[in-house]
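Biologist: I'd like to learn how to read a model like this one, feature by feature. Could you walk me through it?

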Amino acid sequence: FSFTTSVIDCKTFDTDQQPIEIVAQDPSVITSKISFVEDLRVSDINVNLEVSHTFLEDLIISLTSPSGNTVILTSKSCGNLNNINVVFDDDGVPIVCVGNPALQGTVRPLGSLSSFNGESLLGDWILTIEDTAASDGGSLEAFSMEVCVEGVFRPDDDEDGVFDDGDDLCLGTPKGLKVDTSGCPLNEFTQNNFSIAIQSETCRA
């Protein structure tokens with residue numbers, strides 16, 4: 001008999017959309033995304049999350065894949081305790097609220113992250129934080145994903161979405177800088193750095 005083993009590659013990806021304020025005045029929803037440009041099959045996903053917020057019972061936090069599959073990470077947990085600094089991992093311990101941050105270490109999410117297994121990584125993965133009550137605010141301080149896929153990630157050390165093994169002509173661009181399809185910085189005008197003056201001319205026969 002014969003069998004084939006899959007090559008598994010793992011890498012951590014974070015968002016450049018942080019920190020993001022969670023306003024205290026009204027119930028609110030904030031989102032943060034991590035985008036992937038490779039069509040690789042997911043083998044395992046863990047979520048690293050740091051949130052500053054008082055009264056964690058206000059929060060519902062979830063992760064949604066490009067296919068629309070949503071997994072609840074935590075929902076109205078920990079009562080009036082504060083803050084989160086945690087790794088959500090299906091192999092973690094059940095959620096226990098203690099100390100500050102109230103959620104810490106490696107914990108098991110309410111939903112199963114393994115439900116993402118087999119999906120394509122390609123597209124936007126959306127973290128959603130719903131603050132269901134006013135008065136208590138905070139911010140999303142950090143969000144990253146530890147992703148294992150079947151296959152091998154192409155190299156992209158500067159994380160600009162343009163691969164280093166032939167496509168990226170400008171290696172080492174600062175993270176978050178907008179680039180073109182060659183991986184080189186885009187020259188963009190900043191807002192309000194120019195003016196337009198219109199002068200009329202009189203035409204005479």
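Predicted model: local features only at pLDDT ≥ 70, side-chain atom pairs only at ≥ 80, totals over all residues.

Biologist: Then which side chains make polar contacts with the side chain of Glu119?

Modeller: The side chain of Ser65 makes one, at 2.7 Å. The side chain of Asn69 makes another, at 2.9 Å.

Biologist: Back to charges. How many salt bridges does the structure hold?

Modeller: There are 2 salt bridges in the structure. In one of them Lys33 pairs with Asp124, with 3.9 Å between the closest N and O atoms. That pair links distant parts of the chain, with Lys33 in strand β3 (residues 28–36) and Asp124 in strand β9, 91 residues apart.

Biologist: Are those two buried or exposed, or partly exposed?

Modeller: Lys33 is partly exposed, at a relative accessible area of 36%. Asp124 is partly exposed too, at 34%.

Biologist: And which side chain does Asp165 meet in a salt bridge?

Modeller: That's Arg154, at 2.8 Å from N to O. Both Asp165 and Arg154 lie in the segment after β10, 11 residues apart. Asp165 counts as partly exposed at 43% relative accessibility, and Arg154 likewise at 32%.

Biologist: Let's do rings. How do I tell how two of them are oriented?

Modeller: Look at the angle between the planes: over 60 degrees counts as edge-to-face. The count here comes to 3 aromatic pairs. Phe13 and Phe36 form an edge-to-face pair, with 4.9 Å centre to centre and 80 degrees between the planes. Phe13 is in strand β1 (residues 8–14) and Phe36 in strand β3, so the pair ties together parts that are 23 residues apart in sequence. Both Phe13 and Phe36 are buried.

Biologist: What about Phe116 and Trp125?

Modeller: They're an edge-to-face pair as well, at 5.0 Å centre to centre and 80 degrees between the planes. Phe116 and Trp125 are buried.

Biologist: Which residues do ring pairs link into a cluster?

Modeller: Phe13, Phe36 and Phe153.

Biologist: Last topic: strands. What should I have in mind there?

Modeller: In a regular strand, side chains alternate between the two faces of the sheet. For pairing, take strand β4 (residues 41–53): β4 pairs with strand β10 (residues 138–150) in the antiparallel sense over 12 bridges. Ile45, for instance, has Val147 in β10 as its bridge partner.

Biologist: How many bridges join β4 to strand β7?

Modeller: 5 bridges do, and β4 and β7 (residues 84–93) run antiparallel. The bridge partner of Val47 in β7 is Phe88.

Notes: Residues numbered from 1 in each chain as written. Heavy atoms only, no water. Pairing = 2+ DSSP bridges. Helix = DSSP H or I, 4+ residues; strand = E, 2+ residues; numbered from the N terminus. Polar contact = N/O pair within 3.5 Å; in protein donor to acceptor, adjacent residues only side chain to side chain. Salt bridge = Lys/Arg side-chain N within 4 Å of Asp/Glu carboxyl O. Buried < 20%, exposed > 50% of the residue type's maximum accessible area, 1.4 Å probe, protein only. Phe/Tyr/Trp six-rings, centres within 6.5 Å; stacked < 30°, edge-to-face > 60°.
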